Amino acid sequence: MVLRLPIAHFFEGVCFGLFLSMSIVTVQLGQCGNQIGFEVFDALFNDSHCPRGLCSKRENEAYQASCKERFFSEEENGVPLARAVLVDMEPKVINQTLSKAARSGRWKYGQHSCFCQKQGSGNNWAYGYSVHGPRHEESIMNLIQKEVEKCDSLSGFFIIMSMAGGTGSGLGAFITQNLQDQYSSALKMNQIIWPYGTGEVIVQNYNSVLTLSHLYRSSDALLVHENDAVHKICAKLMNIKQISFCDINQVLAHQLGSVFQPTYSGEGSFHYRRNPLGIDWQVRPPLLGLPPLGKMSVNREIHFNTSIANLVILRGKDVHSADVGAFKDPALYTSWLEPVHAFNVWKTQRAFRKYEKSAALVSNSQSLVKPLDRIVGKAWNMFASRAYLHQYTKFGIEEEDFLDSFTLLEQVIASYCNL
Ligand SMILES: Nc1nc2c(ncn2[C@@H]2O[C@H](COP(=O)(O)OP(=O)(O)OP(=O)(O)O)[C@@H](O)[C@H]2O)c(=O)[nH]1
Ligand SMILES: [Mg+2]
């Protein structure tokens with residue numbers, strides 16, 4: 001049985017695509033997408049050139065070559081170029097991103113890999129999707145095609161964007177749809193940034209609902225990071241006092257790097273500590289026999305996070321004797337899936353960054369049900385009073401489109417609740 005559930009924290013097809021060491025074209029959209037994209041490339045590059053790989057020279061070189069093939073193309077004057085296209089509707093962030101990369105002196109973006117305009121989308125999804133999208137479709141798709149042509153073999157697209165603004169979310173949804181039409185066999189994975197729960201853009205819940213419902217139709221996988229959760233990591237685990245987007249993006253880049261860098265896949269066992277950046281390991285099965293059977297399902301809903309798929313990535317010392325048996329417990333997964341299909345482990349002895357041992361968990365589970373339900377609920381309340389709707393209808397996004405989006409996301413919530 002295959003249910004196409006979109007809020008996948010990861011998607012197996014992508015995993016295998018990445019494992020085959022082919023190239024990935026990254027599309028960075030809007031302020032958020034460009035700022036995170038820079039940190040991701042920087043983390044990938046710095047890790048692959050980290051002097052303390054803690055493995056043989058040969059293995060280290062194979063790792064470096066594989067990272068390069070995935071994320072960097074031919075060198076220009078000895079400096080590798082990120083396989084990326086930068087898109088924003090205002091120049092400030094793109095200019096900052098380009099010069100930060102150039103200043104690193106180690107890698108950079110291609111001279112002709114950016115598209116920008118003079119005026120952003122003003123946090124209006126409809127403006128990004130219905131105005132900037134069609135107007136700049138050809139130029140942006142041409143840039144992407146040029147990047148694709150530089151790849152010997154294309155694994156897929158990694159599209160980085162926020163959900164709450166106008167450009168990353170609206171134009172990002174439009175471009176993802178175009179990629180789906182033009183490169184239907186390539187995998188499309190969207191990294192989306194979930195807005196802070198409070199204190200940001202007034203229409204962020206509208207923008208989020210529209211983004212999610214559109215990506216549901218055109219993306220293969222949504223990799224989700226919540227700003228609130230990453231903020232907490234910075235505050236509680238890393239003790240950062242004045243937390244900036246730069247701090248948050250470095251945590252994100254670290255997590256993404258630990259997933260995207262090369263690994264060998266295979267079975268094994270482990271005794272690892274938690275990842276230093278605090279990945280949530282709450283995948284313990286419910287206590288059997290307690291409480292009485294009649295209350296079990298309620299208990300499951302409240303306390304237990306049922307998964308569809310889990311991927312564990314282990315790097316560094318002793319990976320081959322690590323014990324991941326606990327992840328194979330059928331109680332972790334929905335009843336229609338065997339653990340053998342739902343659980344994957346990838347390993348490499350090559351250490352990640354400065355960590356002798358590290359582990360990452362990518363999980364497609366019920367953990368997003370609550371945040372999703374909250375966003376849909378808030379957007380619905382605003383919609384019920386027709387607040388701010390004219391800002392959308394004037395650019396062609398009608399009430400009907402909102403209603404379709406609500407219906408779709410309610411179905412997604414119900415599917416995840418019923419796992
Ligand atoms: N984690 C993270 N979130 C960001 C960053 N920049 C913006 N955001 C979040 O992104 C949302 C705002 O979207 P932006 O990316 O700024 O908007 P945009 O895509 O540039 O669109 P317009 O400015 O409306 O044209 C808010 O939820 C912010 O919290 C960043 O560098 N890192
Ligand atoms: Mg912007």
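The model is predicted, so local features need pLDDT of at least 70 and side-chain atom pairs count only at pLDDT 80 or more, while totals for chains, interfaces and linings use all residues. Residues are numbered from 1 along each chain as its sequence is written, chains are lettered from A and ligands numbered from 1 in the order in which they are written, and side-chain values use heavy atoms, with hydrogens and water left out.

Let's start at the ligand. Around ligand 1 there are 23 residues, with Gln35, Asn123, Thr167, Gly168 and Glu200 the closest; a residue is near the ligand if one of its heavy atoms lies within 4 Å of it. By class, this shell holds 14 polar, seven nonpolar and two charged residues (Ala, Val, Leu, Ile, Met, Phe, Trp, Tyr, Cys and Pro count as nonpolar, Asp, Glu, Lys and Arg as charged, and the others, Gly among them, as polar).

Polar contacts are pairs of N or O atoms within 3.5 Å; within protein, one atom must be able to donate a hydrogen and the other to accept it, and residues adjacent in sequence count only if both atoms are side-chain atoms. A polar side-chain atom of asparagine 249 sits 2.7 Å from a nitrogen atom of ligand 1, and a polar backbone atom of cysteine 32 is 3.0 Å from an oxygen atom of the ligand. Taken alone, ligand 1 exposes 640 Å², of which the protein buries 94% (Shrake-Rupley areas with a 1.4 Å probe; for residues, only the protein chains shown count as cover). Two or more shell residues come from each of α2 (30-48), α6 (167-182) and α9 (245-260); helices (H or I, at least four residues) and strands (E, at least two) are DSSP runs, numbered from the N terminus.

Now for the nonpolar cores: sets of buried Ala, Val, Leu, Ile, Met, Phe, Trp, Tyr and Cys residues joined through side-chain atoms within 4.5 Å. Buried means under 20% relative accessible area, exposed over 50%, and partly exposed in between (1.4 Å probe, protein chains only). The largest core has 73 residues, and Ile144, Phe157, Tyr206, Tyr392 and Phe402 touch the most other members. Helix α5 (residues 125-149) gives the most to this core, with eight residues. Apart from it lies another core of 41 residues, including Phe45 and Val251.

Finally, helix α6 also holds asparagine 178, which is buried at 8% relative accessible area. Not counting residues up to four places away in sequence, asparagine 178 touches Glu137 and Met141, where contact means heavy atoms within 4.5 Å. Histidine 136, in helix α5, is buried at 7%.
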